[in-house]
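Here is a short briefing for a reader new to this structure. Look at the model first, then go through the points by topic.

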Amino acid sequence: MSAPVPDYVADLPKTELLRIIVALSTEVYAMADRMRGIEDILAARGIDLASLDAPTDPAAFDEKRKRARDDFVQRVFGSLTTLG
Amino acid sequence: MDLTLSRYHQARLDLVSGIKALVGYQISPKVRARYEKWAADNAVPEAKLRDRAFLGGQVGRDPLYQASRGLQRITQEMMWREVAAALEAQRRELESDLDRVVSGNGSLTLDPSLKLPAYFTETEFHLQPGGLWRDPLTGPIYEIGVQHFNLHRFGKSGAEMGLALLQAVAGRPVTRFLELGCGPGYKMYPVLDAYPQAEANGIDLSAALLKYAHRRALDHGKTVHYRQMNAEALDLPANRFDLVYNMILLHEVPVAATRRILREALRVLEPGGLYADLDLPAYRDLDPFTAFMMDWDTDNNGEPFWRGYHELDMKQEMIDAGFTDVRFVQVTSDALKNQGNYQGKWSYRVVLGTKPRAAS
């Protein structure tokens, strides 16, 4: 009972989507680069990073992480809120 | 059973939730504002606004609307994919945990011979891959996914609907109750807490969901008797319960099944017993734009029976099934917000009906 998926964004400017992808790539690259830098610094000081993969509650229950997530979403997808 | 995810997987889900929040709290209100301005500027009559094709022709051209719908669909698919990926690493442990026989209160009775209806086996409800029965981890995947789907509106407990139901049946003495389509079980917990002395029973079509519900109840110290059964043909004696209810079940079944479920609910209720159906409000009780947006789920979110339920005259259906004192109670997030994690506003409709004392 699954219907074919329509083209939801038929009239959405493709340039806008490209803008989002570029913005997202920039964010991802910058964060990955910063993370590598931090990991190098910590490893050089003998700090074990295993706890980074410890179980974590959703950001909805951690105000600081929720704010960081919402800021990120706004930076990447914010332009969509002004379409049309 | 601990379903806390690694930070890596949780971060991916957090981003999905963040995009859903952007759609729900920023983009959709702007789509509504444009719709309202257009409707007012053109003095569009309400009958036209309730014409889905007409409204779709107007709102559907708005790039903001298109962006909201595209993101909604993509994030829904991504949400399930990420939850499944997060649990895959623990699959062996989780499955053996679900299969482990643990002593405790309550019970689990599965029926491998139960014939599952085609509408159930063939629908991937809310786009959950495999529907609500194929994957042995259906329960854990459903619980984590739905919390993100709902933007954690009711915190970690998922108790929102149970509390809404209690708002509607408040103060009524209950000694033995039955939840139809109990799923993973947690929606029942507020009812269990409100009636700690009552005998609690839950039925569902899905063995996978029931196994999870049973394990979850044991983990939480709850005593519930779970049985695999079709709510359309309950393998239970007549006049057995003083409360029978279901939460967000009837919009997942065809109208013909709804009619059979109502008759079965009436049969197993004792005379004077109460039936309650909690769901989202009917389209006609919503403004045209909200109804239009809600209806999108019918064709785009694995909800093929959504429209049928929300256009049904439930009051008449209840009367036709044999209930008396049929009434609606509206419960909004205003009544619950000090207990949850709310953003925005939410509303449930509870349809209540009583089994006549003369009936049996």
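**A turn of helix in chain A**

A:Arg36 and A:Asp33 sit three residues apart in helix H1 (residues 14-44) of chain A, so about one helical turn separates them. The two form a salt bridge, with their closest N and O atoms 3.8 Å apart. Over all chains, the structure holds 35 salt bridges. The model is a predicted one.

**Two domains in chain B**

- The domain assignment divides chain B into domain 1 (7-103) and domain 2 (138-354).
- The C-alpha centres of domain 1 of chain B and domain 2 of chain B are 22 Å apart.
- In the contact, 33 residues of domain 1 of chain B meet 32 residues of domain 2 of chain B.

**Area buried between the domains**

- The size of an interface is often given as the accessible area lost when the parts come together.
- Domain 1 of chain B and domain 2 of chain B bury about 3,000 Å² between them. Carbon and sulfur atoms give 66% of that area.
- Which residues of domain 1 of chain B lose the most area to domain 2 of chain B? They are B:Tyr25, B:Arg52 and B:Leu98, together 22% of what that side buries.

- Five salt bridges are counted between domain 1 of chain B and domain 2 of chain B.
- B:Arg32 and B:Asp287 meet through their side chains in a salt bridge, at 3.2 Å from N to O.
- Twelve residue pairs are in polar contact between domain 1 of chain B and domain 2 of chain B, both residues at pLDDT 80 or more.

**The domain 1 side**

- Five helices of chain B each supply at least two residues of the side of domain 1 that touches domain 2: H1 (7-41), H2 (46-49), H3 (52-59), H4 (63-88) and H5 (91-99).
- H1(B) gives the most to this side, with eleven residues.
- By class, this side of domain 1 of chain B has 16 nonpolar, six polar and eleven charged residues.

**Where the chains meet**

- The contact between the chains takes 41 residues from chain B and 31 residues from chain A.
- Chain B and chain A bury about 3,000 Å² between them, and carbon and sulfur atoms give 63% of it.
- Strand E1 (residues 55-56) of chain A is joined to E1(B) by two bridges, and the strands run antiparallel.
- Which residue stands opposite B:Leu5 in E1(B)? A:Thr56 does.

- How many salt bridges are counted between chain B and chain A? The count is two.
- A:Arg65 and B:Asp14 meet through their side chains in a salt bridge, at 3.3 Å from N to O.
- There are 13 residue pairs in polar contact between chain B and chain A, both residues at pLDDT 80 or more.

**The chain B side**

- Elements of chain B that give two or more residues to the side touching chain A are strand E1 (5-6), H1, H4, helix H6 (118-121) and helix H12 (288-300).
- H1(B) supplies the largest share of this side, 13 residues.
- By class, the side of chain B that touches chain A has 15 nonpolar, 15 polar and eleven charged residues.

Key: Residues numbered from 1 in each chain as written. Chains lettered and ligands numbered in written order. Predicted model: local features only at pLDDT ≥ 70, side-chain atom pairs only at ≥ 80, totals over all residues. Heavy atoms only, no water. Domains from an automatic or database assignment. Contact = heavy atoms within 4.5 Å. Buried area = accessible area lost by both parts, 1.4 Å probe. Salt bridge = Lys/Arg side-chain N within 4 Å of Asp/Glu carboxyl O. Polar contact = N/O pair within 3.5 Å; in protein donor to acceptor, adjacent residues only side chain to side chain. Helix = DSSP H or I, 4+ residues; strand = E, 2+ residues; numbered from the N terminus. Nonpolar A, V, L, I, M, F, W, Y, C, P; charged D, E, K, R; others polar. Pairing = 2+ DSSP bridges.
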